[in-house]
Amino acid sequence: MEDSRHRIMNLFRQCDQVMKRSVEKKVKDTGLYRSQHRLLMILGKNPDCSQTVLAERMDISPAAVAVSLKKLEKSGYIERTSDVMDSRMNHVVITPKGHEAIRVSCIYFQEIEGALFEGFSEKELEAVGDFLKKIIQNGESYCEALPERDCEMEREKLFVKEDGK
């Protein structure tokens with residue numbers, strides 16, 4: 001059973017890599033990176049999203065979101081405006097150029113999904129979806145049960161500093 005689990009985990013990684021490579025190849029001529037397309041699409045669906053919420057949805061740090069937003073703003077895909085009631089708060093507004101990038105991204109992602117799921121019946125897609133949901137639920141439960149301290153100690157064991165300490 002352990003061999004089956006290991007084989008399936010390797011297949012997950014391969015699926016993820018194939019999808020990432022497909023997206024990278026498809027969007028390389030747009031001037032945006034894969035993560036910037038994703039960020040724009042999330043903003044398109046959630047216009048008043050804060051940087052913190054964006055970071056949570058993308059599973060990256062708020063600082064990484066800030067850097068991406070700055071690049072998107074510099075390239076003309078978004079604009080940031082200060083809140084009239086609270087100048088510490090910024091609103092992100094998607095520009096026409098950003099809306100066009102979202103439209104193109106949707107077409108690209110639908111094309112990629114179509115290619116990746118070619119030959120699957122609706123029943124097979126439902127089964128795969130159900131299996132993945134169960135794996136995600138199991139993973140979330142496992143993660144939540146791990147004490148944060150144990151995770152930090154494990155990371156220290158795995159990632160020894162360059163000076164050997």
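Visitor: Why is Glu 24 called partly exposed?
Guide: In this predicted model, Glu 24 has 32% relative accessibility. Buried means under 20% and exposed over 50%, with partly exposed in between. So Glu 24 counts as partly exposed.

Visitor: What makes Glu 24 and Arg 34 a salt bridge?
Guide: Their side chains meet at 3.0 Å, N to O. The cut-off is within 4 Å, from a side-chain nitrogen of Lys or Arg to a carboxyl oxygen of Asp or Glu. The pair therefore qualifies as a salt bridge. Glu 24 lies in helix 1 (residues 2-27) and Arg 34 in helix 2 (residues 34-45), so the bridge ties together parts 10 residues apart in sequence. Arg 34, with a relative accessible area of 30%, is partly exposed.

Visitor: How do you know that Lys 26 and Glu 111 form a salt bridge?
Guide: N and O are 2.7 Å apart. The rule asks for within 4 Å. The pair passes, so it is a salt bridge.

Visitor: Why is Arg 80 called partly exposed?
Guide: Arg 80 has 23% relative accessibility. Buried needs under 20%, and exposed needs over 50%. Arg 80 therefore counts as partly exposed. Arg 80 also forms a salt bridge with Glu 73, the closest N and O atoms being 3.2 Å apart.

Visitor: What makes Asp 59 exposed?
Guide: Asp 59 has a relative accessible area of 70%. Asp 59 sits in the loop between helix 3 (51-58) and helix 4 (62-74).

Definitions and conventions:
Residues are numbered from 1 along each chain as its sequence is written. This is a predicted model: local features need pLDDT of at least 70, side-chain atom pairs count only at pLDDT 80 or more; totals for chains, interfaces and linings use all residues. Side-chain values use heavy atoms; hydrogens and water are left out. Helices (H or I, at least four residues) and strands (E, at least two) are DSSP runs, numbered from the N terminus. Buried means under 20% relative accessible area, exposed over 50%, partly exposed in between (1.4 Å probe, protein chains only).
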